[in-house]
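This report describes a metal site, a ligand site and several single residues. The sequence and structure come first.

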Amino acid sequence: MKTVGYAAHDSEKPLEPYHFERRALRDEDVSIEILYCGVCHSDLHTAENDWGWTHYPVVPGHEIVGRVLEVGSGVTKYKVGDNVAVGCMVDSCLSCDQCHHGEEQFCREGMVGTYSGQDRISGELTQGGYSKHIVVREEFVLNVPEGLDLAKCAPILCAGITTYSPLRTWNVGPGSRVGVIGLGGLGHMAIKIAAAMGAHVTAISRSDKKKQQVLSYGAKDLLVSSDEAAMQAHANQFDVIINTIPVKHDFTPYIPLLDIDGTQVLVGQVGELAESNSVPLLMGRRRVAGSLIGGIAQTQEILDFCALHNILPEVEMINMDQINDAFDKLKQGDMASRFVIDMSSLEV
Ligand code: NDP
Ligand code: ZN
């Protein structure tokens with residue numbers, strides 16, 4: 001199928017229109033007309049090859065919402081016209097222990113990323129959601145529950161699951177004390193989700209500029225990370241801290257905020273971190289951990305959870321040709337929301 005998207009051709013140049021083919025439908029495939037796609041900071045990291053593993057050309061986008069156009073002969077879960085979604089993965093082996101217990105992101109053979117990945121059958125590069133169409137095997141297609149606003153829900157597919165998954169892993173529930181560092185796409189979803197789980201949520205930011213916004217998302221307070229007296233006053237007060245900072249930094253100053261046995265979960269920076277210090281870890285059996293997106297079943301769970309609790313990402317809609325400006329704004333880090341591309345702005 002011929003389609004069009006926006007692609008990066010190398011790390012220096014802006015994204016530009018790109019005509020390409022989606023694979024012919026296999027028996028287990030669902031072909032989707034993309035209606036909306038969120039703009040994740042990982043899209044920017046990948047376009048600029050910050051992690052060193054980008055394959056060009058790359059069409060980014062892994063917060064995909066659309067409508068089923070066609071299904072393969074073996075597809076049982078979806079039919080033409082259904083509202084569906086695709087997140088950060090489009091395939092895995094589906095037979096190893098990790099896939100069997102629903103953590104395809106940790107597939108022993110490696111999951112296939114929605115973009116800049118390699119198709120397990122043809123070896124072709126996978127291309128993401130900044131495009132009109134996508135073809136994905138049905139096991140990696142999610143159902144958009146009725147009641148979720150299609151134009152707003154796309155960020156749940158990455159920002160939502162990436163923060164929901166560690167909140168579940170570390171058993172956040174009523175009364176849990178949760179801190180969220182970095183109030184962008186991931187951070188603002190972490191606040192909304194943790195608040196809906198009944199947690200007492202504190203936003204942690206470089207300044208207090210986003211305070212009113214995040215209080216309206218369900219945070220009870222905002223702690224400015226450069227305010228040493230405030231940081232000391234919050235010592236030992238958190239069970240879980242979700243750290244979404246997207247750049248190399250030192251996570252040590254946040255460790256004393258944790259109570260005994262508390263955990264700081266790194267979901268932001270992928271790669272080198274600044275040198276750390278073990279003293280506050282030892283003095284309180286505190287932990288630092290990492291977390292990567294979430295499995296397919298859990299991604300469906302967070303979509304359903306958001307529908308049930310009326311949680312929607314805060315979104316700023318853009319047209320496809322505004323993506324390079326959106327990337328520039330993302331680099332500044334001053335939004336407590338997510339850009340979402342309205343794909344009707346792109347002509348085939
Ligand atoms: P955003 O740019 O939307 O938000 C990041 C936030 O971090 C900013 O709003 C800002 O918040 C803070 N920040 C930005 N720059 C700095 C800096 N130099 N120092 C300290 N804080 C800073 O990004 P996303 O939320 O989309 O993504 C965050 C990170 O998570 C990215 O690196 C992305 O690649 C990664 N990611 C990881 C996933 C995983 O599976 N682990 C999945 C998806 C994304 P404030 O102004 O409040 O300080
Ligand atoms: Zn993402």
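Asp261 lies in strand 14 (residues 258-266); helices (H or I, at least four residues) and strands (E, at least two) are DSSP runs, numbered from the N terminus. Asp261 is not a glycine, yet has a positive phi of about 70°. With a relative accessible area of 29%, Asp261 is partly exposed; buried means under 20% relative accessible area, exposed over 50%, and partly exposed in between, with a 1.4 Å probe and protein chains only.

This is a predicted model, in which local features need pLDDT of at least 70 and side-chain atom pairs count only at pLDDT 80 or more, while totals for chains, interfaces and linings use all residues. Residues are numbered from 1 along each chain as its sequence is written, chains are lettered from A and ligands numbered from 1 in the order in which they are written, and side-chain values use heavy atoms, with hydrogens and water left out.

**Another positive phi**

Asn310, a residue other than glycine, also has a positive phi, near 55°. Asn310 is found in the loop between helix 8 (296-308) and strand 16 (315-319). Its relative accessibility is 70%, and Asn310 counts as exposed.

**The zinc site**

Cys40 (SG), His62 (NE2) and Cys158 (SG) coordinate the zinc ion (ligand 2) at 2.0 to 2.2 Å. Donors are N, O and S atoms within 2.8 Å of the metal (3.2 Å for Na, K and Ca); water is not among the atoms, so sites may look incomplete. Along the sequence, the spacing of the donor residues of the zinc ion is C-x21-H-x95-C. Cys40 sits in the loop between strand 3 (29-38) and helix 1 (41-47), and His62 in the loop between helix 1 and strand 4 (64-71), so the pair ties together parts that are 22 residues apart in sequence. Cys40 is buried, at a relative accessible area of 2%, and His62 is buried at 8%.

**The site of ligand 1**

The shell around ligand 1 holds 28 residues, and the closest are His41, Ser42, Ser205, Ile293 and Arg338. A residue is near a molecule or strand if one of its heavy atoms lies within 4 Å of it.

| Side chain | Distance to an oxygen atom of ligand 1 |
|---|---|
| His41 | 2.6 Å |
| Arg206 | 2.9 Å |
| Arg338 | 2.6 Å |

Taken alone, ligand 1 exposes 930 Å², of which the protein buries 89%. These accessible areas come from the Shrake-Rupley method with a 1.4 Å probe; for residues, only the protein chains shown count as cover. Helix 1 and helix 4 (185-196) are the elements that give two or more residues to the shell around ligand 1. The largest share, three residues, comes from helix 1.

By class, the shell has 13 nonpolar, 12 polar and three charged residues. Ala, Val, Leu, Ile, Met, Phe, Trp, Tyr, Cys and Pro count as nonpolar, Asp, Glu, Lys and Arg as charged, and the others, Gly among them, as polar. Ligand 1 lies between domain 1 (2-157 + 313-345) and domain 2 (159-290), because both give residues to the shell around it; the domain bounds come from an automatic or database domain assignment.

**A cis peptide and its surroundings**

Tyr56 and Pro57 are joined by a cis peptide bond, with omega about -5°. Pro57 is placed in the loop between helix 1 and strand 4. A polar atom of the Gln127 side chain lies 3.0 Å from the backbone oxygen of Pro57. Gln127 belongs to the loop between strand 7 (112-113) and strand 8 (133-137) and is buried, with a relative accessible area of 9%.

Lys132 also lies in the loop between strand 7 and strand 8. At 13% relative accessibility, Lys132 counts as buried.

Ala159 is placed in helix 3 (residues 159-169) and is buried, with a relative accessible area of 0%. Ala195 is found in helix 4 and is partly exposed at 25%.

Technical notes
A polar contact is a pair of N or O atoms within 3.5 Å; within protein, one must be able to donate a hydrogen and the other to accept it, and residues adjacent in sequence count only if both atoms are side-chain atoms.
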